[in-house]
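Work through the following exercises with the sequence and the model side by side. Try each task before you read its solution.

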Amino acid sequence: RRFNMMRQRAASRRLLLRIEEAQVHAMSPDGAYWVLDPSLRTHTADCLSMAGKLWSWDVLRHIRPSNRHVQCGCRLITASMARANGMPGSDVVQRSRG
């Protein structure tokens with residue numbers, strides 16, 4: 001029962017993040033800016049390498065940000081929001097993780 005509840009919460013979280021991702025994609029078709037959750041003290045190596053950059057949707061489809069680890073607080077924001085807030089790295093769309 002406990003395992004099923006945990007699985008159900010994780011599935012709900014993935015669904016909400018996927019909806020959020022689709023909304024950002026609709027408003028920002030060129031790409032999205034990866035923002036780390038400032039309230040968390042530790043992040044995965046993947047999140048750290050993606051953070052602070054504007055990524056193309058080709059890259060983001062491969063990475064699948066909506067399917068990150070359970071405690072991940074990272075978010076995607078639109079390119080225009082990142083630029084309006086003067087976020088570093090928001091002026092160039094990254095087209096590969098190279």
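Helices (H or I, at least four residues) and strands (E, at least two) are DSSP runs, numbered from the N terminus. The model is a predicted one, in which local features need pLDDT of at least 70 and side-chain atom pairs count only at pLDDT 80 or more, while totals for chains, interfaces and linings use all residues. Residues are numbered from 1 along each chain as its sequence is written, and side-chain values use heavy atoms, with hydrogens and water left out.

**Exercise 1. Find the place of L15, decide whether L15 is buried or exposed, and name the patch to which L15 belongs.**

Step 1. L15 is found in helix α1, which covers residues 2-27.

Step 2. Apply the cut-offs: buried means under 20% relative accessible area, exposed means over 50%, and partly exposed lies in between (1.4 Å probe, protein chains only). L15 has a relative accessibility of 52%, and therefore L15 counts as exposed.

Step 3. A patch is made of residues with over 30% relative accessible area and no salt bridge, where like charges are joined within 9 Å and nonpolar side chains (Val, Leu, Ile, Met, Phe, Trp, Tyr) within 5 Å. L15, L16 and I19 form such a nonpolar patch on the surface, and together they have about 310 Å² of accessible area, a value from the Shrake-Rupley method with a 1.4 Å probe, in which only the protein chains shown count as cover for residues.

**Exercise 2. Describe the largest nonpolar core and state which element gives the largest share of this core.**

Step 1. A nonpolar core is a set of buried Ala, Val, Leu, Ile, Met, Phe, Trp, Tyr and Cys residues joined through side-chain atoms within 4.5 Å. In soluble globular proteins, nonpolar side chains tend to be buried together.

Step 2. The largest core in this model has 14 residues, and those with the most contacts inside it are A32, W34, M50, W55, W57, L60 and L76. Two or more residues each are given to this core by β1 (32-35), α2 (45-50) and α3 (57-63), and the largest share, 4 residues, comes from α3.

Step 3. Take A32 and list its contacts, where contact means heavy atoms within 4.5 Å. Apart from residues up to four places away in sequence, A32 touches V24, K53, L54, W55, W57, L60, L76 and I77. There is also a second, separate core of 6 residues, which includes Y33, I77, A79 and V93.

**Exercise 3. How many salt bridges does the structure hold, and which residues form them?**

Step 1. A salt bridge is a side-chain nitrogen of Lys or Arg within 4 Å of a carboxyl oxygen of Asp or Glu, and the structure holds 3 of them.

Step 2. R18 pairs with E21, their closest N and O atoms being 3.0 Å apart. The two residues are 3 residues apart in helix α1, so they are separated by about one helical turn. R18 is partly exposed at 39% relative accessibility, whereas E21 is buried at 6%.

Step 3. E20 meets R75 at 3.5 Å, N to O. Because E20 lies in helix α1 and R75 in strand β3 (residues 75-78), this pair ties together parts that are 55 residues apart in sequence. E20 is partly exposed at 28%, and R75 is partly exposed at 35%.

Step 4. D58 meets R61 at 2.8 Å, N to O; both lie in helix α3, 3 residues apart, about one turn of the helix. D58 is exposed with a relative accessible area of 57%, while R61 is partly exposed at 47%.
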